[in-house]
Amino acid sequence: MTHHERLLIIDFGSQVTQLIARRLRELNVYCEIHPFNKVTDAFLADFAPKAVILSGGPASVFADGAPMPPTTVFTLGVPVLGICYGQQVMMHCLGGHVERGHGTAEFGRAFVTPTAEKLSILNGWFETDREQVWMSHGDHVSRLAPGFAVYGTSPNAPFAITADVSRNFYAVQFHPEVHHTPNGAKLYENFVRLAGFTGDWTMEAYRDQAIAAIRAQVGDKRVICGLSGGVDSSVTAMLLHEAIGDQLTCVFVDHGLLRQNEAAEVVAMFRDNYNLNLIHADESELFLGKLEGVSDPETKRKIIGGLFIDVFQKYANGIEGAEFLAQGTLYPDVIESVSFSGGPSVTIKSHHNVGGLPEKMGLKLVEPLRELFKDEVRVLGRELGLPASFIGRHPFPGPGLAIRCPGEITREKLEILKKADAVYIDQIRKHGLYDEIWQAFVAILPVRTVGVMGDGRTYDFACALRAVTSVDGMTADYYPFTHDFLGETATRIINEVQGINRVTYDITSKPPGTIEWE
Ligand code: XMP
C-alpha cells in the first residue's frame with residue numbers, strides 16, 4: 001500500500017536493528033527491516049529501495065554459512081551503508097579483508113578521530129577532534145576493499161569510518177543508531193539526504209493513504225474492532241471510523257478489572273464524542289465470578305484470556321454481516337527476527353492476546369497500524385484528533401487490575417485498589433511527573449497489617465506503589481521519587497482510602513523484577 005520512497009534494512013540479527021528503523025522514521029523516511037536470508041534478487045527488484053543499510057549482527061564472516069546479502073545489493077546503483085557486521089560483510093563481499101578479534105575486540109564506549117579529509121555523511125558531526133561512539137565487535141576490518149578510504153579511526157578500530165565515495169558506499173564499525181552514540185542520528189540524516197530521500201513519510205500523508213487502503217480492502221462490508229481504550233486499539237478504531245463510518249462496530253469488553261471511571265470515560269469519549277458504533281459489553285459479573293477464589297497468577301491470566309475471547313465472540317456474532325476484524329498490530333510485532341540461538345524462550349507470563357480469533361470466527365484481518373512504530377501511532381492519534389492526554393496515557397495490561405491484586409481477587413479489594421490508584425495518579429499528575437514515568441500504578445497486597453488512626457487500632461490492607469521508567473517495557477528502573485512526594489502520597493492514600501493503613505514503595509528494577517506484580 002505504500003508508495004513512498006523506500007529504504008531497505010537488511011538484518012543480520014543485531015539487538016539494535018529496530019533502532020536504525022526508528023532513527024530513519026524520525027527523519028520521515030519509510031524503511032523496512034528484512035532478514036538477510038529473505039532478501040533475494042527478486043525481492044530487491046520488487047522492493048526497489050532508494051538506499052540499503054546492512055545491519056550489525058552477532059555472526060563472524062568466517063563462520064560456515066555466515067549470513068551474507070545477495071551481491072546484487074552492490075550493483076543496484078543505490079547508496080549502501082554498512083553498520084558493524086554490515087561493514088565487515090561489505091569488505092568481505094567487495095574484496096577487502098576481515099580479521100578475527102584477537103585482543104582488538106571492543107565493547108562499549110569508544111572515541112573516534114576523523115581524518116583530515118571530511119566525509120559528507122559526517123556533516124554537522126565530528127566538529128571536534130574526537131567523538132563518542134558505541135562499539136560492539138569482536139572481528140574487525142584489516143584491509144579495505146578496493147576504492148575505499150578511511151575517514152575515522154579509534155584506538156582499536158583503525159577502520160572505524162570508511163567509504164568509497166564514488167560508489168556511495170559507506171561503512172562504520174560502530175553503532176550510530178544507539179543512544180550511546182550521542183550524535184549518531186546525524187549520520188543517518190546525511191546518508192538519507194545524500195540518497196535523495198525527500199522525507200515523504202509523514203503521519204499526515206499516512207492517514208490519507210491508510211483511509212484509502214481501508215476503503216479499498218473493506219468495500220461495503222462490515223468490520224468489528226475490539227476497543228480496549230488503549231492507544232493502539234483507539235487509533236485503529238478512529239482510523240476505521242474515518243474510513244468507513246457506520247460500517248464499523250467496536251466492542252469494548254468490560255471485565256470489571258478496569259481503573260476508576262475508566263469504562264464510563266471510554267464509552268463517553270468514543271460513543272458520545274466521536275459517535276462510534278460502540279457495544280459496551282459489561283461482563284464484569286462473569287469475569288469476577290469465574291475469578292472467585294483463584295489466587296494463582298497464571299490461572300488468573302488464563303481465565304481472563306479465555307473469557308475475553310468467548311465474550312468478544314458472543315458480541316461479534318451478534319453483528320450482522322461482519323467480514324473483517326480490525327486489530328492494532330504494530331510493526332515491531334511483525335518484523336521477522338533473525339534468530340541465531342534458535343531455542344525456545346521461557347514463558348515468564350502468558351500475555352493476554354486474542355491471536356487465533358480471526359481464523360476461529362472466519363474473519364479477515366484489517367491491520368492499519370502494521371507499518372508503524374508506537375511513537376508513530378501516537379502522532380497518528382493526534383492527527384486523528386484524539387486528545388493529547390489520552391494518547392500519552394501509561395500502558396495498561398489486558399488482564400487489568402487482576403494482576404495488581406496478588407492473591408485472591410475480591411470486590412472489596414478491587415474497590416480499595418481503584419481508589420488508591422486514583423489518588424496516586426492524581427499525585428503524580430499534580431507534581432508534573434506523569435510524562436516522565438513509563439508506567440505507575442498501585443498493587444494491593446494480600447496482607448493486613450496493624451495501624452493506629454486517631455485513638456483506634458486499624459487492621460487493614462497494605463499496598464505497594466510502583467512507578468518505572470522504561471523505553472519499551474522490556475527493562476525498567478524504578479522512578480526516584482523524592483521522600484517528600486512519597487510521604488505526601490502515603491498520607492493522602494491512608495487518609496482518603498478506607499481499607500488501607502500502610503503504603504510501601506517498590507524499588508525493584510526489571511530485571512530481576514517484572515513491572516507488574518503478577
Ligand atoms: P511485565 O510485568 O511483564 O510487563 O514486566 C511489561 C509490560 O507489559 C504489560 N503487560 C501486559 N500487557 N497484556 C498486555 O497487554 C498482558 O497480559 C500484560 N502483562 C503485562 C505491563 O503493564 C508492562 O507495561
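Guide: Let's begin with one term: a residue counts as buried when its relative accessible area is under 20%, and as exposed when that area is over 50%. Keep in mind that this is a predicted model. Now try the term on Phe126, whose relative accessible area is 4%, so Phe126 is buried.

Visitor: Where does Phe126 lie?

Guide: Phe126 sits in the loop between strand 6 (106-114) and strand 7 (131-137). Look at its backbone too: phi is near 50°, a positive value in a residue other than glycine. Asn168 also has a positive phi, near 60°, and isn't glycine either. You'll find Asn168 in the loop between strand 10 (157-164) and strand 11 (169-172).

Visitor: Is Asn168 buried, partly exposed or exposed?

Guide: Residues between the two cut-offs are called partly exposed. Asn168 has a relative accessible area of 24%, so it is partly exposed. For an exposed case, go to Asp220, at 61%. Asp220 is in the loop between helix 5 and strand 12 (222-226), and its side chain makes a polar contact of 3.4 Å with that of Lys221.

Visitor: And what does a buried residue touch? Take Gln87.

Guide: Gln87 belongs to helix 3 (residues 85-94) and has a relative accessible area of 0%. Leaving out residues up to four places away in sequence, its contacts include Gly82, Val141, Ala171 and Gln173. Phe159 is also among them, and the Gln87 side chain reaches the backbone oxygen of Phe159 at 2.9 Å.

Visitor: How many residues of strand 2 are buried?

Guide: Six of the six residues in strand 2 (residues 30-35) are buried, so the strand is largely enclosed by the rest of the structure. Tyr30, Glu32 and His34 point one way, while Cys31, Ile33 and Pro35 point the other way. Strand 2 runs parallel to strand 1 (residues 6-11), and six bridges join the two. At one spot, Arg6 stands opposite Tyr30.

Visitor: What joins strand 15 to strand 16?

Guide: Three bridges do, and strand 15 covers residues 322-326. In one of the pairs, Leu325 has Leu365 of strand 16 as its bridge partner.

Visitor: What about two helices packed together?

Guide: Two packed helices are described by the angle and the distance between their axes. For helix 5 (residues 203-218) and helix 12 (residues 374-383), the axes come within 9 Å and cross at roughly 75°. Helix 5 is therefore roughly perpendicular to helix 12. Among the residues making the contact are Met203 and Tyr206 of helix 5, and Val379 and Leu380 of helix 12. By class, the contact has four nonpolar, no polar and four charged residues.

Visitor: Which peptide bonds are cis?

Guide: Look at the segment after strand 20 (500-505), where Pro511 is found. A cis peptide bond joins Lys510 and Pro511, with omega about -15°. The bond from Pro511 to Pro512 is cis as well, with omega near 10°.

Methods. Residues are numbered from 1 along each chain as its sequence is written. This is a predicted model: local features need pLDDT of at least 70, side-chain atom pairs count only at pLDDT 80 or more; totals for chains, interfaces and linings use all residues. Side-chain values use heavy atoms; hydrogens and water are left out. Two strands pair if DSSP finds at least two bridges between them. Helices (H or I, at least four residues) and strands (E, at least two) are DSSP runs, numbered from the N terminus. Axes are lines fitted to C-alpha atoms, for helices over the stretch in contact, and angles run from 0 to 180 degrees between N-to-C directions. Angles under 35 degrees count as roughly parallel, over 145 as roughly antiparallel, 65 to 115 as roughly perpendicular and the rest as oblique. Contact means heavy atoms within 4.5 Å. Ala, Val, Leu, Ile, Met, Phe, Trp, Tyr, Cys and Pro count as nonpolar, Asp, Glu, Lys and Arg as charged, and the others, Gly among them, as polar. Buried means under 20% relative accessible area, exposed over 50%, partly exposed in between (1.4 Å probe, protein chains only). A polar contact is a pair of N or O atoms within 3.5 Å; within protein, one must be able to donate a hydrogen and the other to accept it, and residues adjacent in sequence count only if both atoms are side-chain atoms.
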